[in-house]
Amino acid sequence: MNNRYFLPTVGLVLIPLFLLAYQFTIPSEDAVILFEYAKNFATKGIITYGGADIPIEGATDFLWMLIIAAFKKIGITEFFSALLLNFVGAVILIALVKPFWARLVMVLGLLCTPYLYSSLSGFSAIFFSAWYCWCLYLALQKKSGLYFSILILCLVRPDGVVWGAGLILLRLLAVQDQATRKEEIRNLILHFVAPGLMYFLWRAWYFAEWLPLPFLVKVAGERDLILVWSQSLVAVGATLIPALIAVAFVKIRRIYLKQLLILFILPCMFYASMKLEQNIGNRFLAPMFFGSMLWLAYSEKVKALAVFVTSSVALTMSTLIPTVSDFLDSKDGNTYYIANELKKWEGKMLVTEAGKLAYYSNWFTEDSWGLNTPRYAHTLINSNEIAQGNYDLIVGHCTIALLNTKVPERTYPNRSWDNQCQALVSYIQAANYRVVLVPFLKVQPSQTSLRRLLGMRSNNRSYRRYDIYAISPTYKNSLALFNLLRRHGGITYPPSSKSLG
């Protein structure tokens, strides 16, 4: 196929995929959290979460959020905006490589690895990766505009700093004479360091926090493998190992290995030390995958590129399957339908999973894990704080077995999901909240699900999951809320003949 017709042909493949995603799926939980911030900024002029009237930085993807909010202002939904931006990113990724064989491999890499499907769920993985690859292209081709482009990368997502650091080092190490090096450093300060510092200081002033709330939460807790999290290390390895294997298939291995380490060693160390919650489709490591593809394509290492993509597909298959499965089943989630029905009442809720319930219900919502509520980000939530919150509804993704015994009221020194759940259940029991166990997915898959459209059956284990919904005895609409949860398959706890009937 002639290169001239390649991009239009690919568009015919990608456009229906993105349109199917918009029509037949619901965006992922963490993606919806950002939509909540974009919605609030577009409608209220403040970057905040869940009806709060103070600035809150739980949406760390600053520029991504601003762009989506701008689209919201002109009537385009947040999910459609996210899909549109990711589609543009996919086209950029393909266009950045020129040889036909390299473009073909890039398309295969898009379709056969989990990164695209995380973007179809509303995340910025493909868009962010495309901008990173644009910066890598500028670095490899020694073109101007690199430092300002890296600044944009950092504004799209704050972890752009660790991705951009390798690009800056690669550019500076390529400079031979002193005069050129001084010019590079001048441009670096002028176009990246100075404006980046101004943004950082503005951000700290606006949000009254030196660091984003998700960063505070994700670095907390004792790591299970000395300095790193074992699960995060596996996620890093799934992308790094294929790149290391590919180096073995190039002639000048020392040079390529050096460049590989310069580009990716800092991101690998950073993500391994972070607890990668909601790493849907290994999305945090997507720039390494697409950056490696671009790096090998520009070096015209056909065999190395083929080996890299093949090994990447093999190592990410265990991630691809559940990512696609969740994507296909997304419209069967009970949370989406419950949240939409909550719109008819006003209320205040505390949630462990802070996306769909806040975004679709328009209730005043706080996040018990602290990703979106400042006072719970610094220390783990406790019963006294829950009591002060006076919540009408508490929703927890917690082990149901906790309800079987009396959980003592105490303050937990260590941040962990189990300790959070024990604090919630302890308060629910002490305050006599009415508990309903609600299935996470519909008992019967919806007729509109994408899986039904494609004639596929589901083996999603999430059909076995139940979440704890606890209704305050003082909430004015408590009976109506109880009946709503029962209509969605909820079972009262402890179970009774009436609740099971």
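Me: Is Val438 buried or exposed?
Reply: The model is a predicted one, in which local features need pLDDT of at least 70, side-chain atom pairs count only at pLDDT 80 or more, and totals for chains, interfaces and linings use all residues. Residues are numbered from 1 along each chain as its sequence is written, and side-chain values use heavy atoms, with hydrogens and water left out. Burial is judged by relative accessible area (buried under 20%, exposed over 50%, partly exposed in between; 1.4 Å probe, protein chains only). Because its relative accessibility is 1%, Val438 counts as buried.

Me: In which strand does Val438 lie?
Reply: Helices (H or I, at least four residues) and strands (E, at least two) are DSSP runs, numbered from the N terminus. The run that holds Val438 spans residues 434-439 and is strand 4.

Me: Which residues is Val438 in contact with, leaving aside its neighbours within four places in sequence?
Reply: Contact means heavy atoms within 4.5 Å. With those neighbours left aside, the partners of Val438 are Asn334, Ile338, Arg465, Tyr466, Asp467, Tyr469, Leu485, His488 and Gly490.

Me: With which side chain does the side chain of Ser368 make a polar contact?
Reply: Ser368 is placed in the loop between strand 2 (364-367) and helix 18 (374-378), and it is buried because its relative accessible area is 0%. A polar contact is a pair of N or O atoms within 3.5 Å; within protein, one must be able to donate a hydrogen and the other to accept it, and residues adjacent in sequence count only if both atoms are side-chain atoms. At 2.6 Å, the partner side chain of Ser368 is that of Gln420.

Me: How far apart in space are Leu402 and Cys421, C-alpha to C-alpha?
Reply: Leu402 is in the loop between strand 3 (393-396) and helix 20 (417-430). Its contacts beyond four places in sequence include Cys421 and Val425. Leu402 and Cys421 are 19 residues apart in sequence, and their C-alpha separation is 8.2 Å.

Me: How many aromatic pairs are there?
Reply: Rings of Phe, Tyr and Trp (its six-membered ring) pair if their centres lie within 6.5 Å; planes under 30 degrees apart count as stacked, over 60 as edge-to-face and the rest as tilted. By this rule the number of aromatic pairs is 34.

Me: What is the class of the aromatic pair that Trp64 and Phe127 form?
Reply: The pair joins distant parts of the chain, with Trp64 in helix 3 and Phe127 in helix 7 (residues 125-140), 63 residues apart. Both Trp64 and Phe127 are buried. The ring centres are 5.5 Å apart and the planes are at 45°, and the pair is tilted.

Me: Which helix gives the most to the lining of the second largest pocket?
Reply: A pocket is found on a 1 Å grid over the protein atoms alone, as an open set of points where a 1.4 Å probe fits, with protein on both sides within 12 Å along at least five of seven lines; lining residues have an atom within 4 Å of a point. The second largest pocket is lined by 44 residues, with Thr60, Arg157, Pro158, Asp159 and Pro212 nearest its centre. Helices supplying at least two lining residues include helix 2 (29-44) and helix 13 (253-273). With eight residues, the one that gives the most is helix 10.
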